[in-house]
Amino acid sequence: MRLQDKNIIVTGGASGIGLASVKRCLEEGANVVIADIEESDGAALAQKLDAEHSGRCLFKVCDVTDTTQVDTLFNDTQAELGSVDAVFNNAGIGGLCPSDELSDDDYLRIIDINLNGVFRVARAALRVMYRQGSGSIVNCASILGVFGQSQTAAYTAAKGGVVNMTRTLAIESAPKGVRVNAIGPGYIDTPLLDELDDEMLQGLIALHPMGRLGRPEEIANAFLFLASDEASFVTGAHLLVDGGFTAGKS
Ligand SMILES: NC(=O)c1ccc[n+]([C@@H]2O[C@H](COP(=O)([O-])OP(=O)(O)OC[C@H]3O[C@@H](n4cnc5c(N)ncnc54)[C@H](O)[C@@H]3O)[C@@H](O)[C@H]2O)c1
């Protein structure tokens with residue numbers, strides 16, 4: 001068991017990459033908190049997984065745009081479980097729009113969840129992990145943190161910010177026993193892609209040398225590695241898990 005008795009929080013854990021990561025962590029012996037804005041889905045999932053994994057999964061509602069909810073999530077988890085050993089800072093939204101048509105509200109909403117939310121969660125995690133003297137924070141970035149793509153100005157700004165913020169957090173926290181890394185998924189088959197029409201999707205698949213979308217479980221495996229002690233000398237990394245998307249064109 002690679003995460004035996006570790007206590008792990010997964011934001012956005014009720015769907016897609018987050019849910020696959022929750023399941024993978026449970027398989028490896030961790031106690032897992034699903035933290036999500038989707039209260040009914042999250043609570044039902046946690047109840048089912050808790051029954052399947054001997055009482056090791058619970059749900060806490062958390063909107064990552066709300067500092068109080070984020071701080072409460074971490075303080076309550078530490079109080080209830082005794083520690084927070086790793087967090088997958090994964091909650092996020094998409095949002096395609098030509099830049100000249102993008103409203104302030106839509107732009108700010110994407111930044112507030114995908115960038116500011118990642119900071120709120122990382123800050124709360126650091127406070128708890130500094131008290132413990134250990135911990136692993138894994139931020140969900142994207143290939144769109146290092147590549148541009150039309151109609152994604154807010155999303156790419158947020159993900160680029162996550163990649164570089166990860167480096168700063170890693171430098172600050174290394175002397176205090178905390179590691180901070182990011183994962184950069186290629187296009188992964190989750191509900192986030194529902195807004196793409198089939199033609200767009202086929203065009204994006206063709207940009208991956210492996211010729212397919214990634215599976216949520218393939219990102220979960222990267223999270224598992226970075227969360228675990230196997231990655232004890234890895235910090236400040238942006239681990240691209242993208243079927244070769246960023247390697248170049250054939
Ligand atoms: N699917 C992809 O192709 C892909 C590629 C690169 C990066 N990512 C990133 O992976 C992460 C997970 O995305 P996914 O594809 O699993 O999407 P998803 O839509 O399946 O899951 C996202 C989860 O985040 C939750 N969420 C949304 N807003 C929230 C908020 N304010 N507070 C708390 N939770 C909130 C949703 O309820 C949902 O459960 C995101 O950060 C996304 O940007 C996805």
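Start by selecting Asp63. Leaving aside neighbours within four places in sequence, Asp63 is in contact (heavy atoms within 4.5 Å) with Ile37, Gln69 and Val70. This is a predicted model, in which local features need pLDDT of at least 70, side-chain atom pairs count only at pLDDT 80 or more, and totals for chains, interfaces and linings use all residues. Residues are numbered from 1 along each chain as its sequence is written, and side-chain values use heavy atoms, with hydrogens and water left out.

**Around Asp63.** Asp63 sits in the loop between β3 (57–61) and α3 (67–81). Helices here are DSSP runs of H or I with at least four residues, strands are runs of E with at least two, and both are numbered from the N terminus. Asp63 is buried yet has no salt bridge. Buried means under 20% relative accessible area, exposed over 50%, and partly exposed in between, using a 1.4 Å probe and protein chains only. A salt bridge needs a side-chain nitrogen of Lys or Arg within 4 Å of a carboxyl oxygen of Asp or Glu. Now show Arg109. It is the nearest side chain of opposite charge to Asp63, 5.3 Å away. Lys and Arg count as positive, Asp and Glu as negative; His and the chain ends are not counted.

**On to Arg120.** Select Arg120 in helix α4 (residues 104–132). Is Arg120 buried or exposed? With a relative accessible area of 13%, Arg120 is buried. Then widen the selection. Beyond its neighbours within four places in sequence, Arg120 is in contact with Val64, Thr65, Asp66, Thr67, Val70 and Asp112.

**Out to the surface.** Select Val146, Phe147 and Leu240. Together they form a nonpolar patch on the surface with about 230 Å² of accessible area. Val146 lies in the loop between β5 (135–140) and α5 (153–173). It counts as partly exposed, at 45% relative accessibility.

**Two positive phi angles.** Stay in the loop between β5 and α5 and pick Gln151. Its phi is near 70°, a positive value in a residue other than glycine. Gln151 is partly exposed, at 33% relative accessibility. Finish at Ser54, in the loop between α2 (39–52) and β3. What is the phi of Ser54? Ser54 has a positive phi of about 45°, although it is not a glycine. Ser54 is exposed, with a relative accessible area of 66%.

Conventions
Patch = residues over 30% accessible without salt bridge, like charges linked within 9 Å, V, L, I, M, F, W, Y side chains within 5 Å. Areas by Shrake-Rupley, 256 points an atom, 1.4 Å probe, with all protein chains shown as cover.
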